Amino acid sequence: METIKQLKETATRAYEETVAKMSSVEISEKSGNADFVEEREGWHGYIEWEDYPEKKKLAAAILAKFNFTPIPEFQLKPLPETNPILIGHRWKEYYQVLGPTMANWPEESWEIVKKEKGEKIIHVLDFPYNGEPPADELMKGKITDNKYHFVRNHGNIPVIDPEKWSVDIGGMVNEPKRLTLHDLKTKFPIVEMTVTLQCSGTRRIEQIHEYPGEGDELINAPWAEGAIGTAKYKGVSLKKVLKYCGGLKDGAQHLEFIGADTYFKKGQVYNYAVSVPWRKVKSNEVLLVWEMNGEPLPLIHGAPVRAVVTGYIGARSCKFLYKINALAYSSMGPVQRQEYLNYNHQVGKHNVKFSNGFSIQDMPVSSAMMFPKEKQVVIHDGKIECQGWAYSGGGRWVERVEVSPDGGHTWFPAAVQDMTTKHYHAWRLWKLEVPTYAEGWIELCVRCWDNANNTEPTFVRSAWNWDLHVTSSSHRVKIYSVNRTYPETAERLRMLKEHGEEFEPITKPVSFAVETPEEYEKNVKEIGDREPID
């Protein structure tokens with residue numbers, strides 16, 4: 001890893017290259033040679049915005065002078081068959097025009113992605129980084145490898161020296177304090193907890209395919225089934241930390257988390273900010289963590305310390321945490337007030353407001369079939385092996401997983417022995433051999449039930465909403481079924497083998513005659529002529 005000094009030198013060179021590519025006169029005139037500098041030793045990639053309204057105002061004025069690359073279209077036309085799938089040109093340009101300190105942060109963040117993530121990771125968006133694992137990596141076990149745990153970032157990836165890190169706890173607490181990582185490790189009981197984090201956009205691609213919706217400036221990424229992962233985290237309960245700060249003052253109802261990454265929304269600049277209700281913290285369901293699966297928290301996952309809010313959408317688990325405020329109300333940050341909202345079907349571009357959707361917190365019951373895959377040819381003996389995950393947030397757990405081989409009419413349950421163990425705050429992986437008699441194109445679907453008897457809507461239309469969040473409907477997978485227990489099917493497979501041909505692709509015609517003339521005449525006689533007799 002480069003030193004912070006080297007990163008700064010690289011940033012300066014990158015800014016000079018950006019100026020050379022764009023009109024240097026334009027950059028100079030429009031930005032006034034402004035540079036927003038880092039102010040804390042050992043904190044690279046962090047600029048304080050929230051404490052300096054004039055600084056935010058200046059940055060907004062600079063951004064308003066430029067015409068940036070349009071937001072990529074990914075709903076009304078096919079996704080590129082590339083990896084990364086989408087390129088965040090617009091967001092990179094935001095950083096580049098705000099001066100040499102910030103100019104190379106997007107490239108630095110990408111280098112961190114390449115170092116910390118596995119080779120097979122699917123880069124949904126290169127910056128701000130969004131990535132999910134392929135199905136085989138996600139299904140390797142109950143605990144997701146750090147290299148293949150999904151990432152949904154909202155800005156750059158800061159590089160903060162753990163020895164220099166601290167968190168300020170203020171607002172409506174009786175005794176505001178600044179705590180170091182050493183303080184967290186020595187002053188409070190350390191806890192370990194297995195937690196599933198899930199992006200509220202998981203399986204969004206299904207909503208997009210049916211009915212496109214809000215694209216958003218920081219795109220509502222076209223996630224498939226992999227924007228979910230489970231890890232064992234080590235840290236401390238925020239409830240204990242707040243008690244150490246003398247507890248909360250009367251009227252305090254929410255805890256706000258602020259992250260060191262820089263975030264943009266409609267021409268304004270912020271530090272990432274979200275909040276959770278005090279009642280969630282009181283239940284010991286909010287952790288401040290520094291370890292993930294037995295390793296120091298990776299940079300890309302929010303090092304040195306992040307919040308982990310169990311059972312809530314991943315967006316509330318603030319990364320790069322450096323400030324916690326007790327408030328009488330939820331955070332005013334745009335991520336909390338203007339995003340992650342669920343709207344009624346009648347709400348869309350014609351009438352949407354921030355106020356006519358409700359804030360998404362607890363994750364609902366949901367599931368996904370990871371194998372077989374969409375449009376896969378499955379040759380079987382009357383049973384198809386299916387595998388996937390099932391999860392419910394809010395401290396609920398999955399009790400039953402069911403798969404239907406006929407689009408949702410008949411359901412077969414997975415055996416308890418074929419599901420991973422229960423946790424209050426984690427998923428269950430499952431597998432099931434589903435009796436399947438039909439051949440040709442069929443639709444498999446999966447649903448699960450949690451301990452509160454919640455289950456999933458049958459069709460994606462029921463879950464659709466303008467912001468394309470929380471695709472909690474039954475996951476439906478179309479496959480081509482080939483049941484070799486049927487004599488005619490077994491014979492056709494034998495003939496293909498005899499001629500040295502593969503069954504796939506199904507669209508490729510066989511090279512041999514599927515019936516001899518004699519067989520044709522015999523069969524037609526048995527079934528009758530194709531024309532009526534009168």
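A contact is counted where heavy atoms lie within 4.5 Å. On this basis, residues 24 or more positions apart account for 73% of the contacts in the protein with a separation of 6 or more.

The model is predicted: local features need pLDDT of at least 70, side-chain atom pairs count only at pLDDT 80 or more, and totals for chains, interfaces and linings use all residues. Residues are numbered from 1 along each chain as its sequence is written, and side-chain values use heavy atoms, with hydrogens and water left out.

Overall values for the protein are as follows.

| Property | Value |
|---|---|
| Span of the C-alpha trace along the principal axes | about 90 × 55 × 45 Å |
| Distance between the centres of the positive and negative side chains | 7 Å |

Of the 534 residues, 56% count as buried, that is, under 20% relative accessible area. The secondary structure comprises 15 helices and 25 strands, taken as DSSP runs (helices H or I, at least four residues; strands E, at least two).

The protein has 66 positive and 74 negative side chains, with Lys and Arg counted as positive and Asp and Glu as negative. Lys 239, Lys 240, Lys 243 and Lys 282 gather in a surface patch of positive charge. Such patches join like charges within 9 Å, from residues with over 30% relative accessible area and no salt bridge (a side-chain nitrogen of Lys or Arg within 4 Å of a carboxyl oxygen of Asp or Glu). Helix 10 (residues 238–244) contributes the largest share of the patch, three residues. Lys 282 is found in helix 11 (residues 278–282) and has a relative accessible area of 42%.

Note on methods:
Patches are made of residues with over 30% relative accessible area and no salt bridge: like charges are joined within 9 Å, nonpolar side chains (Val, Leu, Ile, Met, Phe, Trp, Tyr) within 5 Å. Accessible areas come from the Shrake-Rupley method with a 1.4 Å probe; for residues, only the protein chains shown count as cover. The place of a charge is taken as NZ of Lys, CZ of Arg, CG of Asp or CD of Glu. Buried means under 20% relative accessible area, exposed over 50%, partly exposed in between (1.4 Å probe, protein chains only).
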